[in-house]
Each structure stands twice: as structure tokens, then as C-alpha cells.
Amino acid sequence: MNVLDVRSMQVHRGARLVVADATFTATRGEIVALMGASGAGKTTILRAIAGLDPIASGTVTIPRPVGMVFQFHHLFANMSAHRNVWLALVHVLKRPREDAERRAQELLVSLGVGDRASAMPHELSGGEAQRVAIARALAIEPRILLMDEPTASLDPARRGDLAATLRQLAREGRTIVIATHDIEFARACAHRALTVDGGRVHVVS
Amino acid sequence: MTSMRWSAAALFVCLVLAPAVSRAQNRPELRWGGDAEGGEPYVVADSSDPSHVVGFDVDIAQLLASGLGRVPRFVQVGFTSIDADAARGDFDVGLSGIEDTPARRARLAVTIPYYEFREVLTVRSSDKDRYRTLADLRGHRVATLGATLAYDLLVDVHAGEGVIPVTYEDDVHPYSDLVVGRVDAVVLDAILAERGVRRNSGLTNQPAVLAVGHYVGILSANQSAVRDRMNVILRDAMRDGRLERILRRWNVWNEDQPRLYARVLSDTSQYPVPASSLASSPPGTEGTAARRYLPALLRAAAITIVLSCLAMALAVIAGALIASGRIYGAAPVRVALIGYVEVIRGTPLLLQLFVLYFGLAAVIQLPAFVAALLGLGLNYAAYESEIYRGALEAIPSGQLEAARTLGLSERQTFFLVRAPQAFRLALAPMTNDFVALLKDSSLVSVITVVELTKETSIFAANVGSWVVPGAMCGALYLAMSLPLARLARRIERGWRRG
């Protein structure tokens with residue numbers, strides 16, 4: 001069963017057509033990699049699916065909420081790692097503060113950064129910040145997780161850890177779409193790879 | 001070719017300027033200081049040629065200059081600083097309706113008086129029978145000009161009879177504020193009172209004389225020889241009727257003057273008449289004066305700090321609203337707010353205070369403190385809004401998008417993510433603005449609020465020196481601004497620790 005269904009999606013940036021034709025699907029528990037060179041339109045496809053950029057034509061069917069992990073993480077700089085994770089639980093899902101804090105701590109522990117809960121974002125390393133960003137995205141219980149260039153700030157050893165983490169999340173039933181130009185990483189974790197070139201998505205055999 | 005052109009130019013300069021130079025060398029100048037803002041009939045810009053001044057003080061300067069064989073030249077000085085200018089020697093003699101006081105006699109060379117005036121009470125005609133003397137005005141606001149005999153009179157009465165003195169920087173607005181009801185009476189000399197009643201309908205001068213004073217010329221203390229020569233010239237002019245002709249020409253001659261002249265001519269001592277009929281406290285040394293003025297300075301400092309804190313609070317709230325409106329508002333709101341910020345930043349605060357207090361008086365009569373608070377607060381709001389807008393726009397858009405994907409509303413994103421970070425960025429420039437506001441608050445003295453700088457200038461006028469008053473005033477401002485800067489640094493450090 002398809003969790004994500006993108007059909008003939010076009011996205012403009014100003015007058016420029018950045019995504020000419022994106023058509024692809026992803027099923028429950030599947031990891032799909034969108035591959036391509038810088039400027040090919042990978043990030044824009046993710047942003048349009050997440051609702052951050054408006055689509056000009058076509059359709060996107062996606063279950064809300066959507067978990068999004070940005071290339072540069074974009075943690076809220078004025079609060080601790082822990083609060084970054086529980087903020088939406090309290091203010092969007094209206095969970096009691098105590099429950100939210102406990103759940104946030106569980107997520108941080110499961111991603112291996114439980115001991116960094118009280119750190120401010122500027123005190124975290126690239127890998128730690130990314131794990132906190134994943135925990136923040138997962139806190140709102142999304143069925144689908146979108147990740148933009150997740151290996152950009154990681155050394156090779158950390159890339160292996162991240163691949164394992166993503167496969168575990170997929171096993172738990174989440175659908176994951178990754179935009180990356182890192183072929184090794186895509187091979188290590190994705191079930192399926194699609195190439196993006198000139199704003200078009202192609203199926204790779 | 002070039003040298004020929006130079007020679008021609010040099011010749012031209014010699015032919016045109018040489019006679020003027022030689023004339024000036026033949027007859028040296030008598031530089032005399034006055035304040036053309038003082039207006040008719042003292043010193044006022046000539047309506048047919050605003051570069052010239054006219055008035056009875058101008059004619060008296062001419063009289064003194066010709067007696068000394070000199071050419072008079074007018075030097076514009078502010079009325080409240082005229083003593084300090086005389087002491088510094090910025091001009092040879094000051095003539096601008098300057099009152100004879102013990103403080104002036106102690107610190108400057110003062111001429112014999114050339115005019116006697118009465119301090120009178122002006123009230124609204126409808127109150128004519130209610131307020132006949134100052135004793136009837138217990139608990140009421142009475143206006144006057146700062147650093148004058150009338151002010152001393154009011155302060156003494158204030159102590160004894162409970163009159164609330166309100167000081168103005170000029171002699172026009174006391175009367176217009178009397179008409180609109182901001183004050184219930186004005187005490188000033190009869191010349192100004194006559195003019196006030198002539199220009200504003202519905203006012204009456206009470207016949208009772210509150211005090212008698214005299215106008216004199218003032219010179220630097222080391223110029224007593226010149227002063228003595230001026231006294232001879234003035235006495236001659238009293239005898240031969242030249243002084244009377246001048247005063248008649250300006251419609252200020254009255255029966256008090258012949259009596260004054262008789263006393264002055266019969267007594268050839270340096271000071272033939274007392275400084276004023278008012279028993280003014282002796283000037284004393286600056287040290288004793290400092291002790292006497294310290295409570296008043298501390299009270300004025302309290303007004304400065306309270307006014308500044310309230311105005312800053314208003315500026316922060318209004319500034320935050322303006323900044324939010326400029327970022328999140330609809331196009332018409334944004335245009336209106338940009339207009340507000342540009343108008344406020346592009347015009348002087350002084351002008352805004354005048355408009356708020358005097359300009360709007362016909363529509364709404366704001367109390368002086370409220371007008372000062374609004375003027376300062378709304379002016380600084382324009383500057384604060386630009387700081388906040390810059391700070392809000394400095395927050396990376398990625399964080400705002402992350403908030404959107406988490407499902408936070410625009411409002412939640414603003415209060416939980418954007419504003420707290422922007423506030424940290426804005427803190428240092430805000431502290432800077434608060435210190436600037438603290439000092440700009442001195443401008444509100446033009447709308448009758450007596451804050452620290454105004455109280456200091458009254459103090460300085462009384463002792464005739466700015467050294468001790470200036471040092472005390474500066475120390476009080478520093479005592480207020482330094483802890484503020486420290487507090488801001490402490491908050492910033494706390495935030496950095498997270």
C-alpha cells in the first residue's frame with residue numbers, strides 16, 4: 001500500500017521551473033533515496049512534499065504530520081536539545097508536559113544522544129545535532145520522514161550508524177524519503193533509489 | 001596668465017574691502033549679547049529685515065556704543081546662558097531685559113539700572129475676583145519663566161503658601177497655557193504681562209505689585225572700568241532725556257522711571273538701588289549652594305529616571321508592535337508603519353514635544369508629564385521597532401520552517417522561537433537606546449517638566465557658574481546609566497550560559 005503518492009508534480013521558484021515532472025510512490029516501511037547532483041531539484045521535491053514550497057501542478061498524497069529533517073538541522077537555538085524535542089508535543093499535540101518530556105527523553109536515548117539532552121544546539125556536534133533533529137521530527141509521530149542530505153555533516157563511521165538507525169525506523173513501519181548525492185549511503189540503507197535530473201524523477205533499475 | 005588673474009583678484013579685494021577694514025579699525029566694535037527670542041520690545045528680529053534686530057535694548061546698546069566711540073554689533077546668545085557667556089567674555093555687554101540680582105552682582109560687573117519693572121499677576125478674566133494675589137492661589141499651578149526674579153518669588157511663595165510653580169523656557173506659552181487652563185495664573189514682569197494680555201483674549205493683569213525689579217547691563221567681572229564708563233553714559237542719558245525718548249518709542253515709559261532716575265542720579269555709588277525688592281538668599285559659595293540644591297537635584301533625578309523607565313517601557317511595547325506589524329501585517333499596515341517610522345525618525349524630538357504639548361493643546365490638553373512620556377516613548381518606539389525588525393529578520397528562516405513542519409502556528413513560532421532569539425540580539429542596542437533616552441529626557445524641560453538638566457541649569461543660573469552644578473549633574477546621570485549597562489551585561493552573560 002502506498003503511503004506517499006506523488007504524481008506529475010511541478011514546482012516553480014520565481015519564473016524558473018525547478019521540478020518539471022516528479023512522479024513516484026513509497027510504501028509503508030520503505031526507504032526511498034532521491035539521488036542526483038546538486039541543483040537537480042532533490043531538496044525542492046522534499047520541500048514541496050512537506051508543504052514548505054507550493055506546487056504549481058500535479059498532486060501529492062501524503063499522511064500528516066510529516067517529519068522533516070533539514071540538511072542543516074535547524075534546531076531552535078534558544079532552547080536545549082530536550083526542549084527542541086518536546087516543544088511540539090506540548091504546544092501542537094497538547095500532551096501533558098511531563099509525558100512530553102518523558103517521551104522526548106526516550107527518543108533521545110533511542111537515538112544515542114540521551115546524555116546530551118540539556119545541551120544547547122551550539123554545543124552539539126554535527127552528528128549529535130542531526131540525531132536531535134531526527135528525534136524532534138519523530139516526536140510528532142509522523143508516518144513518513146523526509147531527510148535532506150542526512151550525511152552531509154557526518155564522518156564515515158557515523159554514516160554507518162545513521163544507516164542502521166534508519167533501517168530500524170523503517171522496520172518499525174515508517175516510510176523514509178532521503179534526498180542525497182551519497183551513493184554509498186543510499187546503497188547501504190535504501191530499498192529503492194530514484195534519480196533526479198533536471199527536475200525529473202527517473203526510476204533506476 | 002594665472003598670475004595675472006591672481007593680481008586682479010588681489011586688487012579687487014584691496015579696493016572693495018580696504019575701506020571697510022579701515023572703518024572698523026577707526027571705530028572698534030562694541031559686541032553686545034542678547035536673545036532675539038526674547039521678542040518685542042526688548043530685542044527682536046526686524047520684520048522688514050530679519051538679519052537686523054530692533055527693540056529698546058538694541059537702542060540702549062547703540063546709546064552705550066556711541067558714548068564709547070564704538071560701533072555696536074549684536075551677538076545672539078541664549079537667555080538662560082547669558083551670565084555664563086558674559087563671564088567668558090563672549091561679548092562686551094549683555095542687554096536683554098536682564099534682571100539685577102545679588103547673584104549677578106557677586107559674579108559679574110553690573111551697570112546701574114536703566115529700567116524699573118513690576119512683577120504682576122495675570123489671571124483669566126473669569127477668575128479676576130477669585131485670584132487677586134498669590135495667597136489666593138494655594139495649591140494652584142502658577143507659570144513663570146525659569147531663572148528669573150519671578151521664579152525666585154514663586155519658589156519662595158511655594159515654600160510658604162503652597163503655590164505650585166511651573167517654569168517655561170519662553171514667555172509666550174505661559175499665557176497661552178493660562179488661556180487653555182493648564183495653569184491658573186502667570187507671574188512675570190509687567191512688560192511681558194501687558195504683551196501677554198494684548199495677544200491673548202480673556203486675560204487680565206491684577207493691579208497688585210508682587211515685587212519690583214530692574215533691568216541692567218552685565219559685563220565680565222574684570223571689565224569694571226568699562227562698566228563705570230557705561231554708568232556715566234547711562235546717567236547722562238537719564239539727565240538729558242535720551243533714555244526717556246528710547247523707552248517712549250517702545251511704549252514702556254511709565255511713572256516709575258522718573259522716580260528711578262531721580263534715585264540713581266542723586267546717588268553716585270556703584271549700586272544706587274537694591275538688587276531687587278525681593279529678599280533673595282545670598283549667593284554664597286558654590287559649596288554651600290551645592291548643599292542647598294542637592295535635594296532639588298535628587299528630586300529632579302528621580303523624575304528623570306521615572307520618566308525614562310516609563311518612556312522606555314512604552315517604546316519597547318510600541319516598538320515590538322510596530323516591528324511585528326511590519327513583518328506580519330497586511331500591505332496597508334506595513335505602509336502606514338513605515339510612514340510612522342520615517343516621520344518620527346526624520347523630525348526632531350524637540351519639535352514632536354512642542355506639537356504634542358502646545359500644538360495639540362486646542363484639541364487635547366495633555367498634562368506635561370504625560371506629554372513628555374508620550375513624546376519620548378513614541379519617538380524611541382520608532383528606533384526600537386527598527387532594532388526589533390532587524391533582529392526578527394536575522395533569525396534563520398530554516399528554524400521557522402522547522403517550526404512549520406512540526407505544526408506550530410505562526411503565533412506559536414513567533415513567541416516560542418523567533419521573538420526570544422530576536423530579543424537576545426536586540427538587547428545590546430536596546431541598552432544603548434535606553435542610555436540615550438535617559439539623556440534625551442532633558443529635552444522635556446521645554447514643556448515645563450523640571451528634570452535633572454533643567455534643575456541643574458536653574459542651579460547654575462543661581463550660582464552663576466556651571467562647574468559644580470555640571471559636575472553634580474554629570475555624576476547623577478552616570479549613577480543612573482552605569483548600573484543599567486551592568487545589568488544588561490549580566491543578562492547577556494546569563495543567556496549565553498543558556
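**Figure 1. Overall confidence and extent of chain B in the predicted model.**
The predictor assigns the complex an ipTM of 0.92 and a pTM of 0.75. Chain B has an average pLDDT of 86, and 91% of the residues score at least 70. Within chain B, the lowest confidence belongs to helix H1 (residues 2-26), with a mean of 53, whereas helix H12 (residues 331-346) has the highest, at 95. Where pLDDT is low, the predicted coordinates should not be read in detail. Along the principal axes, the C-alpha atoms of chain B fill a box of roughly 95 × 85 × 45 Å. The secondary structure of chain B consists of 18 helices and twelve strands. Of its 498 residues, 41% count as buried. Among the contacts in chain B with a separation of 6 or more, 74% are made by residues 24 or more positions apart.

**Figure 2. Domains 2 and 3 of chain B and the contact between them.**
The domain assignment divides chain B into domain 1 (2-114 + 215-266), domain 2 (115-213) and domain 3 (286-497). The centres of domain 2 and domain 3 of chain B, taken over C-alpha atoms, are separated by 34 Å. Their contact involves ten residues from domain 2 of chain B and nine residues from domain 3 of chain B. On the side of domain 2 that touches domain 3, strand S9 (164-168) and helix H6 (173-180) of chain B are the elements that give two or more residues. Strand S9(B) provides the largest share of this side, three residues. By type, the residues on this side of domain 2 of chain B comprise four nonpolar, four polar and two charged.

**Figure 3. Strand S5 of chain B and its two pairings.**
Strand S5 (residues 93-99) of chain B is mostly covered, as seven of its seven residues are buried. Strand S1 (residues 29-34) of chain B pairs with S5(B) in the parallel sense over two bridges. In this region, Trp32(B) stands opposite Val93(B) of S5(B). Strand S12 (residues 211-219) of chain B runs antiparallel to S5(B), and three bridges join the two strands. Here Ile98(B) stands opposite Val216(B), a residue of S12(B). In a regular strand the side chains alternate between the two faces of the sheet.

**Figure 4. Strand S10 of chain B and its two pairings.**
Strand S10 (residues 185-189) of chain B is also mostly covered, with five of its five residues buried. Strand S7 (residues 115-124) of chain B is joined to S10(B) by four bridges, and the two strands run antiparallel. Glu119(B) has Asp189(B) of S10(B) as its bridge partner. Strand S8 (residues 141-145) of chain B pairs with S10(B) in the parallel sense over two bridges. Ala143(B) stands opposite Val186(B) in S10(B).

**Figure 5. The nonpolar cores and the surroundings of Val187(B).**
The largest nonpolar core has 124 residues, and those with the most contacts inside it are Val142(B), Ala185(B) and Val187(B). Helix H11 (residues 286-328) of chain B makes the greatest contribution to this core, 13 residues. When neighbours within four places in sequence are left aside, the residues in contact with Val187(B) include Leu121(B), Val142(B), Ala150(B), Leu153(B), Leu154(B) and Leu210(B). Glu119(B) and Thr144(B) are also in contact with Val187(B). Another core, of 73 residues, lies apart from the largest one; among its members are Ile144(A), Met147(A), Val177(A) and Val417(B).

**Figure 6. The contact between chain A and chain B.**
At this interface, 17 residues of chain A are in contact with 16 residues of chain B. Strand S5 (66-69) and helix H2 (81-91) of chain A each supply at least two residues of the side of chain A that touches chain B. Helix H2(A) gives the most to this side, with three residues. The residues on this side of chain A divide into 14 nonpolar, three polar and no charged.

**Figure 7. The two domains of chain A.**
The domain assignment gives chain A a domain 1 (1-63 + 144-205) and a domain 2 (80-142). The centres of these domains of chain A, taken over C-alpha atoms, are 24 Å apart. Seven residues from domain 1 of chain A and six residues from domain 2 of chain A take part in the contact. Strand S6 (144-148) and helix H5 (156-171) of chain A each supply at least two residues of the side of domain 1 that touches domain 2. This side of domain 1 of chain A has four nonpolar, two polar and one charged.

Technical notes:
Residues numbered from 1 in each chain as written. Chains lettered and ligands numbered in written order. Predicted model: local features only at pLDDT ≥ 70, side-chain atom pairs only at ≥ 80, totals over all residues. Domains from an automatic or database assignment. Contact = placed C-beta atoms within 7 Å. Nonpolar A, V, L, I, M, F, W, Y, C, P; charged D, E, K, R; others polar. Buried ≥ 20, exposed ≤ 12 C-beta atoms within 10 Å, placed from the backbone. Core = buried A, V, L, I, M, F, W, Y, C linked by C-beta atoms within 7 Å. pLDDT = per-residue confidence, 0-100. Pairing = 2+ DSSP bridges.
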